[in-house]
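Me: I have a structure open and would like to go through it step by step. Could we begin?
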Amino acid sequence: MKILAAVEGAAGVLSVLFFALLVASGWGLMAGYVPSAAEAFDSLLYWRQAGGWGAFLRSLHVHLASGLVLAGFLHLLARFLRGAHAARPRGWWLAASLYLLILGLCFTGFLLPMDQKAYWGTIVRLGIIETAPLVGPPAADLLRGGPALNAATLPRFYALHAAVLPAAAGLLLAWLLRPVLRTGRQRWLPWLGFALAGTVAAYLLAAAVPAPLELPADPADSDYVARPEWYFLWLFQFGKYVTAVPWVESLILPVAGLGLLFALPYLPLRRRGRALLATTWCAAWLLLTALALYEDRDLPPKLDYERAIVARAADHYQEHCYDCHGLNGHGDGPQSRAFDLEVPDFAAAAFWREHDRDEMRAAIRDGKGEDMPAFGDKLEPVAIDALITFLETSFRPQEGG
Amino acid sequence: MHLGDRTMTRRRFLELWQTLLAALAGAAALPPALFWWRSARLPAGPEEGTWADLGRARRLKEGQWVARSFAVERRDRWRQETLREVVYVRRRGEGFDVVSSLCPHAGCRVRPRDDGGFVCPCHRSAFDGDGRPLEGPSPRPLDPLPWKVEKGRLVVRHQRFRSGVAERQVVEG
Ligand code: FES
């Protein structure tokens with residue numbers, strides 16, 4: 001019991017702290033982010049590559065969001081196990097509503113980077129919402145700002161994520177904290193130390209682990225496989241078992257789940273009953289999540305921008321360069337051997353001394369000499385740059401080594 | 001009595017303030033709410049539809065699905081953009097089959113299978129060679145697209161459909 005109370009308190013303090021830090025880092029991010037389909041990704045990529053506080057703030061924001069989902073859940077769980085939900089139903093309802101708002105913030109924030117994950121993930125989420133009979137399509141239209149994804153979608157998500165939902169969550173939080181602050185029953189000092197430690201840990205994590213950012217959204221891509229965030233994998237996996245009636249996942253389960261969540265204070269549950277219910281839920285969650293991860297073990301990993309662009313460069317090399325430049329860049333591909341072409345050796349140190357990046361860029365873009373064709377209309381400038389990076393990392397010999 | 005009267009007046013006064021405040025909040029919330037609601041009802045694409053050139057009709061293989069991508073210029077609300085799209089095409093004698101590559105379940109892109117059918121990597125909806133659903137959550141067959149042959153070239157209409165519903169409903173183009 002003591003332990004549960006401590007968990008409830010600690011997770012509660014952490015949740016409030018994370019929420020505050022999320023608001024603060026969000027205000028910071030707003031100064032460098034443009035909520036427009038044309039510029040959203042570029043603005044985030046700019047700060048990511050510039051390094052420094054912009055990159056740090058985004059990492060912090062992303063990790064804190066995961067932390068809040070977890071801490072909020074632990075707080076609710078401990079509250080329930082202690083029976084505090086039945087003793088103070090109003091507090092329970094407030095806390096549960098707040099948690100739902102937080103999930104809403106995750107949902108809307110997910111689209112903002114406009115990378116592949118954001119775009120395809122949101123398409124699928126909205127699609128799942130639409131499978132709910134009657135209410136689904138209008139709800140999805142309201143979120144999207146139209147019957148299909150359009151120029152107004154991102155601004156709407158941004159408005160919800162940065163203004164409407166945080167304001168609502170802030171109000172609920174103030175309401176929830178009122179009795180705590182008024183009675184002053186809590187001894188604050190140890191919690192304050194705890195919160196400070198949490199902040200430091202979050203800062204360290206954000207500095208050490210950059211938030212992921214994939215390739216920019218490509219609506220014409222036909223290879224990307226969308227997957228939900230870790231906290232919704234269980235629902236994704238559950239959906240696989242009810243394929244005949246997809247709206248069990250999108251309507252029945254959410255409504256039943258919400259109903260149960262808000263009705264909990266009225267259920268005559270003793271300690272054993274509560275423990276049983278909580279254990280079942282956690283076990284089901286873990287099992288479904290593990291199954292989802294297991295079944296996806298063969299999916300290609302989701303690469304960050306920098307690595308994805310190099311991986312794509314490798315494909316481009318295969319497609320456009322291999323025939324002449326050869327497998328190891330020696331210039332001994334099938335074509336050049338057959339026709340005895342004059343092809344440079346990328347694996348020679350001399351090549352890299354004699355040619356700089358600008359020269360190579362121009363050669364790939366506009367062609368060079370008799371035999372090197374121009375690729376300017378096949379490869380975008382970013383792709384050409386990536387290709388050069390690929391050549392350099394794969395073929396250039398280590399100097400002095 | 002005098003005192004009581006005064007309390008009454010004061011309570012009334014407070015009630016009046018509360019009503020006023022609520023009215024004010026409502027008045028503040030109504031226009032934005034109406035904007036959100038009304039602007040979601042705007043159509044997403046141009047009414048006349050956009051047609052895209054898929055190349056010489058004769059070049060397509062008989063009886064085999066191939067992926068074709070195209071790009072069309074269009075106006076999306078305030079934004080002029082190049083929309084890129086992928087469709088599957090198959091020649092059948094003089095005619096063609098063209099289907100959208102977007103899964104009717106939730107909008108991922110389906111892929112062709114070796115057996116001539118399609119499969120969706122998101123929730124494993126599978127379709128036969130004619131786009132009919134075999135298993136998985138897809139509520140309807142793959143969506144056929146209108147096409148015509150103009151001067152020997154195959155032209156298709158860009159369209160998107162609402163996902164997740166059994167009845168086919170055009171939402172774009
Ligand atoms: S999106 Fe294709 S099966 Fe779900």
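Me: How many Å separate the centres of domain 1 and domain 2 of chain B?

Reply: This is a predicted model. In it, the centres of the two domains of chain B, taken over C-alpha atoms, are separated by 54 Å. Domain 1 covers residues 2-40, and domain 2 covers residues 51-172.

Me: Let us turn to aromatic rings. How many aromatic pairs does the structure hold over all chains?

Reply: There are 23 aromatic pairs over all chains. One of them joins Phe13(B) and Trp17(B): the ring centres are 6.4 Å apart and the planes stand at 85°, so this pair is edge-to-face.

Me: Where are Phe13(B) and Trp17(B) in the chain?

Reply: Both belong to helix α1 (residues 2-39) of chain B. They are four residues apart there, which means that about one helical turn separates them.

Me: Buried, exposed or partly exposed: what is Phe13(B), and what is Trp17(B)?

Reply: Phe13(B) is partly exposed, as its relative accessible area is 47%. Trp17(B) is partly exposed too, with a value of 46%.

Me: And what sort of pair do Trp65(B) and Phe118(B) form?

Reply: Trp65(B) and Phe118(B) form an edge-to-face pair, with 5.4 Å from centre to centre and 65° between the planes. Trp65(B) lies in the loop between β1 (50-56) and β2 (66-76), while Phe118(B) lies in strand β6 (residues 118-119), so the pair ties together parts of chain B that are 53 residues apart in sequence. Both residues are buried.

Me: Which strand pairs with β6(B), and over how many bridges?

Reply: β5(B) pairs with β6(B) in the antiparallel sense, over two bridges.

Me: What about β2(B) and β3(B): how do they pair?

Reply: β2(B) and strand β3 (residues 79-92) pair in the antiparallel sense over 11 bridges. Ser69(B), for example, has Val86(B) as its bridge partner.

Me: Which charged ends sit over the rings of Trp37(B) and Trp51(B)?

Reply: The charged end of Arg41(B) sits over the ring of Trp37(B), at 5.0 Å from its centre. For Trp51(B), the charged end is that of Lys148(B), 3.9 Å from the ring centre.

Me: Now chain A. How many helices and strands does it have?

Reply: Chain A has 17 helices and zero strands. Its C-alpha trace spans about 85 × 50 × 40 Å along the principal axes. Of its 401 residues, 44% count as buried.

Me: Take α12(A). How many residues does it have, and how far does it reach?

Reply: Helix α12 (residues 271-295) has 25 residues and reaches 36 Å from its first C-alpha to its last. Among its buried residues are Arg274(A), Ala278(A) and Leu288(A).

Me: What do the buried residues of α12(A) pack against?

Reply: They pack against three helices of chain A, namely α3 (52-81), α4 (84-87) and α10 (233-241).

Me: Last one: which residues form the aromatic cluster in chain A?

Reply: Tyr317(A), Phe346(A), Phe351(A), Trp352(A), Phe390(A) and Phe395(A) form one cluster.

How values were computed. Residues are numbered from 1 along each chain as its sequence is written. Chains are lettered from A and ligands numbered from 1 in the order in which they are written. This is a predicted model: local features need pLDDT of at least 70, side-chain atom pairs count only at pLDDT 80 or more; totals for chains, interfaces and linings use all residues. Side-chain values use heavy atoms; hydrogens and water are left out. Rings of Phe, Tyr and Trp (its six-membered ring) pair if their centres lie within 6.5 Å; planes under 30 degrees apart count as stacked, over 60 as edge-to-face and the rest as tilted. Buried means under 20% relative accessible area, exposed over 50%, partly exposed in between (1.4 Å probe, protein chains only). A charge sits over a ring if NZ of Lys or CZ of Arg is within 6 Å of the ring centre and within 35 degrees of the ring normal. Domain bounds come from an automatic or database domain assignment. Two strands pair if DSSP finds at least two bridges between them. The expected span of a helix is 1.5 Å times one less than its number of residues. Contact means heavy atoms within 4.5 Å.
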